[in-house]
Amino acid sequence: MRDDWREGGFGLYVHWPFCQAKCPYCDFNSHVVSAVDQGRWADAFEAEIARYGAETGRRVLSSIFFGGGTPSLMQPEVVSRVIEAARGQWDFANDIEVTLEANPTSAEAGRFEGYREAGVNRLSMGVQALNDPDLRALGRLHSAGEAMEAFAMARELFGRVSFDLIYARQGQSVEAWAAELERALGLAVDHLSLYQLTIEDGTAFGARHRAGKLAGLPGEDAADDMWDVTQALTVAAGMPAYEVSNHAAKGAESRHNLVYWRSGDWVGVGPGAHGRLTLDGQRWATETPLQPGAWLAAAEAGRGENGREALGQPERLEELLLMGLRLEDGVDRARAEALGISEFSRNVSALTDIGMLESTGPRLRATEAGRPVLNAVLRRLLD
Amino acid sequence: MTELSRIRNFSIVAHIDHGKSTLADRLIQLTGTVAERDMKAQMLDAMDIERERGITIKANSVRIEYPAQDGHTYILNLIDTPGHVDFAYEVSRSMQAVEGSLLVVDATQGVEAQTLANVYQAIDADHEIVPVLNKIDLPAAEPERVKEQIEDVIGIEAHNAVLISAKTGLGIPDVLEAIVQRLPAPKGERDAPLKAMLVDSWYDSYLGVVVLIRVMDGVIRKGDTIRMMKTAATYKLDTLAVLKPQMVQIDALGPGEIGVFTASIKQVRDTRVGDTITHEKKQTPKALPGFKPSVPVVFCGLFPVDANDFDDLRDAMEKLALNDASFSFEMETSAALGFGFRCGFLGLLHLEVIRDRLEREYDLDLITTAPSVVYDVHMKSGEVEQLHNPADMPDLTLVDHIEEPRIKATILVPDEYLGDVLKLCQERRGIQLDLTYAGPRAMVVYDLPLNEVVFDFYDRLKSVTKGYASFDYQIIGYREDNLVKMSVLVNDEPVDALSMMVHRDRAELRGRAMVEKLKELIPRHMFKIPIQAAIGGKVIARETLSALRKDVTAKCYGGDASRKRKLLDKQKAGKKKMRQFGKVEIPQEAFISALKMDS
Ligand SMILES: Nc1nc2c(ncn2[C@@H]2O[C@H](COP(=O)(O)OP(=O)(O)OP(=O)(O)O)[C@@H](O)[C@H]2O)c(=O)[nH]1
Ligand SMILES: C[S@@+](CC[C@H](N)C(=O)[O-])C[C@H]1O[C@@H](n2cnc3c(N)ncnc32)[C@H](O)[C@@H]1O
Ligand code: SF4
Ligand SMILES: [Mg+2]
């Protein structure tokens, strides 16, 4: 149990908090500013990586992820400096995955080559929808055509490319989504993130929804049907869900995100980034200042981090389950047992009886019926 | 001690909200009983719950001194009474202690159901009645029309009714004069052995039990040793006082006077309202007739949401019962809800008030089960069992027949809503006894089963008449009917806390309403849940709550783990409001809401 993070691997998450415009559905830590002194940010990232490297010692790094915000607004030079800083602290795995989230506008596509040269080998593109009116309704700055061009370019430059789509959008029918998804599956992708639109508090959509002005959202039944159709079509295309919203051909799973879902360790740098670090047998949850300016100042002053939370066994079990049961694979029973799941064995049996959980070999997993109602399963499981 | 001819004792009675407590304020204020700076609105309504809801629950008495126009100073003892029908018992016993009543009628509303009920009680108590028309400051006031109505409907003189605004103080001096001139002085003999009526008693955390008395004959003095005739207990008086409204010590109280004493009495239960108090040494030969005891008519189970709170709940109930003899409780166990109490109340408002106080003053989370009335179950053996809880229904093969309590309900309603009211009463198995008119208002009298009224009759009445009807009732006895126990099964398991007694002819309707309501109230689960109502083994209504199809967070990455964990913890805490029945979780509110019928 002492080093059980090894089961999940070790990753580095870098948060780039800036965007060109704020999308009305988005509650990520993203900000629109007129100018960013990217050199200062690169310095700060380097300093933070060095600080964490000193704490973890040399470990094998299995992945780096540039997330946002819009990391495709980063100068390739900054991306390169971050990757090199990581290399200075940790040993890169032979097959290290280096992902960057990109918005598919033409301006950004111009930087793709630079990213590849910096060491990025996987691109995750926020395509969101495949038609222009819907993209406009989502407040996106790119057209469907631009997205396709950016995608084609990415395919040439990077070994691995994924893209994101949002469904259950305003005015979308189950049939329209099925057709859109078919088109997406027809493009040569090996990884897709398919998210049901979530109306988040504190966003423009949230406010409009509350005021009753977000028209045409599919009802609960239609949205549930879209989920069913998504599962059926992706399975048929050889890209089943390996996680609630993520689909991949065998072997093309996002290794970085697997670190999270498998409760590995990761370093989180940049504003609002979270991390998990196991140091001398104690697992810590790290968190950084949310505001870009505050984080930058803190990092420059030597510590871009807020207080850490020590995670005890119950919290670790909770995280292992709430992250791990999202995976088709589920969680390793021995790890769950080491963290005390036997205390909940009656709940496990009850959920197994009603077909929500199953134990296959060494794994405990949510069934096909259990995964779409995972929140209810977790509430019952940890009751 | 005051000369009898200089004393006037009276109660202030009226329909709910007609302004009794506000009038009491003005009388207290105008006579300078309370310093101006200490005055506050409805100052006799001292309990939090009274102040919050703006209603009087407990009768309160005050002694005021009034220098009348005839040059003499009079002692006036007023008793402000509650208007709500649940607390009618407080009114009736208050009336036993005084000789007259101020009948307050809101001049914008006119005669209402409790106006009538109170007048009849006052007449029974041989009271002199002074009608007082209140709220004449309001433009909608129609004092002349209301006077006529009083004469027509009630049949008492109203031409000399006093017109007042308890709010502005208009007419209050006239009320004081009318009290002195029109209400009779009390009678009594100073030299006779002590005979005093135990009117009320309550628990004061500093003084212990305080006893309110009305002296009929003789004189009671501080330090006396007294005897309570029914309980045969003797006590030595510690303090003797009058209420102004705070206690002011006094050496002696003579005939016609009202005051309080303390005497190291441990519990309110040791005193019995209506009892006769006399001297240990020189006893009165004849006790007072006493009061009819108040009987709880509505019962329900109260269970702690958290089983660990059981002891706290018992302590809290004991404390509340100290001050409220009409609230009764005894321990009960339920298969579904664990340990709790079966509690008896005077009516639904009383139930609500007690539950509110338990939850707020004692910080308890409670589950309330379906309110029920008391049935008489006549066994084939000839024995009669009182059924307070449908869950305790004996084996039907042993039962000969079941009787239920019936009430006589009086409803006053503007003509345009009469049809709806008749329909409602008819639906509730009512038998019309009388229908008369008083101007544009109809007065209907119905014989109704109490169980059809207990739950939501008053709410329904208010809604079908847009609040224009008033309602009063009294229990008239028990009658046999075709009554059955309806059980509710959730996911094929009976939930005893939801079982109820119903009339056989109404069972399908109630059963249907119940399962439909439960379907709305129970959140969807991971599996489908049949919800059934049954009589014996026969299902009479059924709904199926479909399974939850989707409840999963779309995006969950590194930054979401902590947030998700905290959310789960929060949901776990929220779950306390749920009760587990087999595999199903039922929210607490379902136990009450499921019984409210929409139509
Ligand atoms: N305009 C006006 N309002 C009044 C008058 N007298 C009382 N009220 C208002 O009527 C409402 C009810 O007054 P209360 O004195 O609490 O009535 P109550 O009869 O004691 O009520 P219960 O004890 O609940 O039966 C309050 O909002 C008073 O302010 C009056 O003369 N004029
Ligand atoms: C970090 S975000 C955005 C990355 C990048 N800035 C972009 O917009 O393309 C990753 C993905 O989450 C999804 N997403 C963001 N907000 C969402 C919401 N409210 N509901 C559903 N999906 C959402 C989008 O598909 C988005 O591409
Ligand atoms: S969705 Fe992406 S581009 Fe839009 S505001 Fe959020 S992070 Fe920025
Ligand atoms: Mg009052």
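The model is predicted: local features need pLDDT of at least 70, side-chain atom pairs count only at pLDDT 80 or more, and totals for chains, interfaces and linings use all residues. Residues are numbered from 1 along each chain as its sequence is written, while chains are lettered from A and ligands numbered from 1 in the order in which they are written.

**Exercise 1. Find the annotated binding site in chain B, then look at Gly19(B) and Ser21(B).**

Step 1. Start with the record. The unreviewed UniProt entry puts a "binding site" on Asp17(B), His18(B), Gly19(B), Lys20(B), Ser21(B), Thr22(B), Asn134(B), Lys135(B), Ile136(B) and Asp137(B).

Step 2. Helices (H or I, at least four residues) and strands (E, at least two) are DSSP runs, numbered from the N terminus. Gly19(B) sits in the loop between strand E1 (7–14) and helix H1 (20–30) of chain B, and Ser21(B) is in helix H1 of chain B.

Step 3. Buried or exposed? A residue is buried if 20 or more other C-beta atoms lie within 10 Å of its own, exposed if 12 or fewer, and partly exposed in between, with C-beta atoms placed from the backbone. Gly19(B) is buried because it has 25 C-beta neighbours inside 10 Å. Ser21(B) is buried too, with 26 other C-beta atoms within 10 Å.

Step 4. List the contacts (C-beta atoms, placed from the backbone, within 7 Å). Skipping neighbours within four places in sequence, Gly19(B) contacts Ala14(B), Val104(B), Asp106(B), Asn134(B), Lys135(B) and Ala166(B). With residues up to four places away again left out, Ser21(B) touches Gln42(B), Leu44(B), Asp45(B), Thr56(B) and Asp80(B).

**Exercise 2. Work out why helix H1(B) counts as largely enclosed.**

Step 1. Check the burial. Of the 11 residues of H1(B), 9 are buried, so the rest of the structure largely encloses this helix. Among them are Leu23(B), Ala24(B), Leu27(B) and Ile28(B).

Step 2. See what does the covering. The cover includes E1, strand E2 (60–67), strand E3 (73–80), strand E4 (100–106), strand E5 (128–134) and helix H6 (172–182) of chain B.

Step 3. H1(B) is followed by Gly32(B), whose phi is positive, near 70 degrees.

**Exercise 3. Describe how chain A meets chain B.**

Step 1. Count both sides: 36 residues of chain A are in contact with 23 residues of chain B.

Step 2. Which element gives the largest share of chain A's side? That's H15(A), with 6 residues.

**Exercise 4. Trace the strand pairing around E11(A).**

Step 1. Two strands pair if DSSP finds at least two bridges between them. Strand E10 (residues 274–279) and strand E11 (residues 282–287) of chain A pair antiparallel over 6 bridges, and His274(A) stands opposite Glu287(A) in E11(A).

Step 2. Look at the turn. E10(A) and E11(A) make a hairpin with 2 residues between them, and Asp280(A) in the turn has a positive phi of about 50 degrees.

Step 3. Go on to the next partner. E11(A) also runs antiparallel to strand E12 (residues 309–311) of chain A, with 3 bridges joining them. Arg283(A) has Leu311(A) as its bridge partner in E12(A).

Notes:
UniProt positions are given in the numbering used here, feature names are shortened, and annotations may be inferred rather than shown by experiment. Two residues are in contact if their C-beta atoms, placed from the backbone, lie within 7 Å.
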